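Hi,

Here is the structure I said I'd pass along. Have a look at it first, and my notes follow below.

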2 protein chains.
Amino acid sequence: MSRLVVIGADPGGMAAISAARQHTPDLEVVAIERGRHTSYSACGIPYLVGGEVDDVAELVARSPAAHRANDIDVRLRHEATALDLDLRRVEIRDLDGSRTYQLDFDHLLLGTGGRPFRPDLPGIDLPFIRGVQTLDDAEELVAQVEAVDCQHVVVVGGGYIGLEIAEAFLHRQAHVVLVEQAPQVMASLDPEIGALVTAAMHRHGVEVHLDTAVTGFEPGKVLTADGVFDADIVVLGIGVTPNSELADAAGIRLGVRRSIRVDRRQRTSAEGVWAAGDCCESRHLMSGEPVHVPLGTVANRQSRVAGTNIGGGYATFPGVLGTAISKICDTEVARTGLTSLEAARAGFVYDVTTVESTTRARYYPGSDLMTTRFVVERGTGRLLGAQIVGGAGAAKRIDTCATAITAGMTVEQIAQLDLSYAPPFSGVWDPILVTARAALKSVR
Amino acid sequence: MSRLVVIGADPGGMAAISAARQHTPDLEVVAIERGRHTSYSACGIPYLVGGEVDDVAELVARSPAAHRANDIDVRLRHEATALDLDLRRVEIRDLDGSRTYQLDFDHLLLGTGGRPFRPDLPGIDLPFIRGVQTLDDAEELVAQVEAVDCQHVVVVGGGYIGLEIAEAFLHRQAHVVLVEQAPQVMASLDPEIGALVTAAMHRHGVEVHLDTAVTGFEPGKVLTADGVFDADIVVLGIGVTPNSELADAAGIRLGVRRSIRVDRRQRTSAEGVWAAGDCCESRHLMSGEPVHVPLGTVANRQSRVAGTNIGGGYATFPGVLGTAISKICDTEVARTGLTSLEAARAGFVYDVTTVESTTRARYYPGSDLMTTRFVVERGTGRLLGAQIVGGAGAAKRIDTCATAITAGMTVEQIAQLDLSYAPPFSGVWDPILVTARAALKSVR
């Protein structure tokens with residue numbers, strides 16, 4: 001009987017185990033988890049912080065006990081500290097017992113995840129500065145929020161996490177300042193579309209400071225080029241750094257942004273060592289370039305592929321479009337494929353079409369504005385990317401775009417799609433069709 | 001200068017004029033309209049009846065005066081009564097002035113629409129029995145509803161119109177009885193999915209009687225095999241009959257369900273005579289068969305194609321998937337492609353996969369159940385059709401299915417799509433992906 005050791009017992013790691021056992025039911029499995037929880041939704045953390053989700057337990061899909069009942073040797077508060085590829089064993093440290101031991105493996109799955117990027121600034125280690133990546137982080141943050149009368153919150157970074165954490169603290173009636181070094185929030189959107197998100201954040205009551213570098217922290221204060229902001233709590237949302245040190249130290253090859261390099265079957269450069277999730281890279285379906293996309297969807301899909309292959313099956317992960325969706329209050333944001341900047345970097349010649357329309361028929365109650373942008377290959381008319389910002393119901397349309405992009409559709413083909421219409425759901429021409437038709441004019 | 005005569009001044013007819021004039025700016029245009037309104041959303045009528053839309057004017061995108069300012073000779077309350085293909089002229093009756101005259105045309109666009117099917121039953125012409133197809137119908141219905149204390153409403157027919165009109169009268173606090181001759185509501189869904197809609201209607205307070213034929217009407221009463229129902233108003237939602245008599249009398253070829261036969265450029269069998277919308281047929285993209293799909297999306301797209309061709313451009317209407325969406329209260333319903341029955345009739349060998357999931361992450365507030373069904377070609381795994389019933393946010397996912405079907409995707413390809421995820425929008429595996437994966441197991 002061969003042994004699989006999984007580092008990281010989040011839903012990805014556990015999905016990999018399930019996939020592996022479908023092919024090799026008697027696989028021995030040890031899951032090493034640094035934290036106190038298994039199989040939880042990290043994406044749900046902002047809603048725990050905001051109070052929409054009451055209890056940490058709601059975010060946990062399956063407890064350690066349930067996994068153990070399923071014959072998985074889950075070891076919580078254990079950390080992998082070294083990896084010996086020749087001896088095929090991993091060194092484990094019991095964080096509570098403070099002992100260290102060796103664990104042999106036949107297959108090793110690295111699901112070490114990522115961590116919030118912490119810039120090297122004075123005061124960065126002050127306890128009021130928080131990242132939100134693990135459920136343990138979240139529990140500590142919620143405890144801290146409930147302990148202090150949290151009136152002033154500074155969010156550093158205007159990406160998805162920044163957006164969602166800002167909403168969370170608005171729900172808690174805090175004054176929220178968002179500080180972003182770049183000239184726009186949502187670097188994963190074109191500037192014009194990012195500007196719509198900034199405007200929405202202002203409208204929802206967030207004080208947004210763009211082009212503003214944080215220079216350091218003092219207790220209760222965030223120092224920036226734009227002045228000093230009071231802060232009971234600071235949340236870092238600048239980006240995610242892959243936890244690739246274990247792999248790197250063992251000589252496993254790293255790729256883009258120091259994420260672990262993998263092939264389409266999620267194999268690392270070391271025989272029998274696999275990686276999946278935020279610690280490893282993906283390939284972009286449009287550009288063909290390696291990318292680091294630390295999203296739950298990608299992690300889950302990669303993990304399943306890794307597990308199938310570990311179990312002796314055959315599966316590949318084709319790559320990503322970087323599809324993402326988020327919201328702040330009633331403003332929804334989504335993207336897929338290439339932005340203008342990404343298209344230019346990948347060598348595409350493109351045109352951009354932006355259309356304002358409505359989420360529902362204009363006359364239907366609750367109809368709200370939405371903006372759709374298409375990035376379209378010049379000449380062929382192929383859709384390269386799409387971005388949506390708008391009111392409730394706007395953003396899930398990104399899936400239609402992701403499907404069309406995957407199929408290699410041109411805007412002419414998209415304009416002909418038989419999409420659904422009824423007044424509570426869209427105008428008679430769905431915004432996707434309207435945008436495709438407008439883009440078609442540019443192509444012609 | 002050549003003259004285009006358009007019969008029917010709804011948004012379709014007017015879109016055709018606009019498309020034609022893009023190619024031939026000096027085209028003389030006469031638009032003949034039997035009713036009192038132009039360019040209105042017939043799909044918005046149930047919301048006018050229900051009171052979500054206050055004023056008829058909100059449903060009117062462009063008034064007759066606006067069209068006239070745009071050099072379109074709009075003639076309201078005029079009706080085309082005969083068509084002479086040899087002399088290339090149409091006989092028009094002024095409904096208010098009661099005079100009849102001839103109008104020459106170079107091009108004729110038949111946008112005569114459809115009318116609610118009225119079964120030949122005793123009492124069918126009683127004034128409390130209503131159809132809702134035109135805005136004039138709607139105005140009369142609303143006036144009647146406001147005149148009588150409308151406590152009991154019987155809706156005959158459980159299709160989209162029946163669903164939406166039932167919701168409208170629930171909003172008006174009426175007791176609503178829905179009578180359906182078939183063993184299920186929503187004949188355009190598989191029986192198991194239709195049963196979910198029936199259950200939702202009951203839950204929302206509609207008294208649904210299936211397998212119940214109406215045998216006749218008496219003032220204030222609907223007679224059925226299942227007993228007599230009191231009714232202050234009866235609304236017919238049994239189906240739409242194409243208004244094809246004018247074309248038929250002139251010898252123009254009819255097709256399925258007596259709708260006007262057209263080719264892909266929307267040409268009828270008569271030179272220079274075109275048709276678009278509820279009066280004419282379409283081709284189903286999956287089965288290749290002619291179908292009659294009286295929906296606003298189809299009407300608008302066909303009209304544009306007709307207009308482009310009339311103006312001297314070149315356009316084709318590729319066909320329909322029969323994509324449709326609707327809701328009753330907070331239960332959404334959508335479909336695209338082929339149902340089981342349609343797939344069988346078209347000669348496909350297929351399997352069906354039905355998956356229950358949630359509209360949002362399970363732990364996220366407002367998450368509701370949704371059911372997704374795929375009809376999949378056996379052997380190839382190609383998606384043939386999809387149906388969705390579920391809570392708020394469920395149904396617009398049908399567009400992703402429509403796009404995948406159009407692209408000829410297999411469920412294996414769909415399962416690999418990079419669809420969006422965040423807890424307010426879906427589980428980490430969007431229901432479309434979950435259903436594709438479940439279907440993939442059947443295919444394998």
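B:Ser18 sits in helix H1 (residues 11–23) of chain B; helices here are DSSP runs of H or I with at least four residues, strands are E runs of at least two, and both are numbered from the N terminus. B:Ser18 counts as partly exposed because 17 other C-beta atoms lie within 10 Å. For the cut-offs: 20 or more other C-beta atoms within 10 Å of a residue's own make it buried, 12 or fewer make it exposed, anything in between is partly exposed, and the C-beta atoms are placed from the backbone. The C-alpha atoms of B:Ser18 and B:Ser303 are 9.9 Å apart, although 285 residues separate the two along the chain.

Before you go further, some housekeeping. This is a predicted model, so local features need pLDDT of at least 70 and side-chain atom pairs count only at pLDDT 80 or more, while totals for chains, interfaces and linings use all residues. Residues are numbered from 1 along each chain as its sequence is written, and chains are lettered from A and ligands numbered from 1 in the order in which they are written.

Staying with chain B, there is an open sheet of three strands in the order E4-E5-E6, with antiparallel pairing (two strands pair if DSSP finds at least two bridges between them). Its edges are strand E4 (78–84) and strand E6 (100–104), each of which pairs on one side only. On average, neighbouring strands of this sheet are turned by 30° against each other, direction ignored; the axes are lines fitted to C-alpha atoms, for helices over the stretch in contact, and angles run from 0 to 180 degrees between N-to-C directions. Strand E5 (residues 89–94) of chain B is joined to E6(B) by five bridges, and B:Arg93 has B:Thr100 as its bridge partner in E6(B).

Now chain A, which has twelve helices and 25 strands. A compact globule of 444 residues would have a radius of gyration near 22 Å, and chain A agrees with its 23 Å (taken over C-alpha atoms; the globule rule is 2.2 Å times the number of residues to the power 0.38). Its C-alpha atoms fill a box of roughly 65 × 50 × 35 Å along the principal axes, and 57% of the 444 residues count as buried.

Helix H5 (residues 160–171) of chain A is worth a click. Its twelve residues reach 17 Å from first C-alpha to last, close to the 16 Å expected at 1.5 Å a residue (that is, 1.5 Å times one less than the number of residues). Ten of the twelve are buried, so H5(A) is largely enclosed by the rest of the structure. Among the buried ones are A:Tyr160, A:Leu163 and A:Phe169. The cover over the buried residues includes helix H2 (45–50), strand E10 (152–156) and helix H6 (191–203) of chain A, where contact means C-beta atoms, placed from the backbone, within 7 Å. After H5(A) comes A:Gln173, with a positive phi near 65°.

Two other positive phi values turned up. A:Arg258 is not a glycine, yet its phi is about 60°; it is in the loop between helix H7 (245–249) and strand E18 (273–275) of chain A. A:Arg258 is partly exposed, with 16 other C-beta atoms within 10 Å. B:Asp211 has phi near 55° and belongs to the loop between strand E12 (207–209) and strand E13 (214–218) of chain B. With 12 other C-beta atoms within 10 Å, B:Asp211 is exposed.

Cheers

Notes
Contact = placed C-beta atoms within 7 Å.
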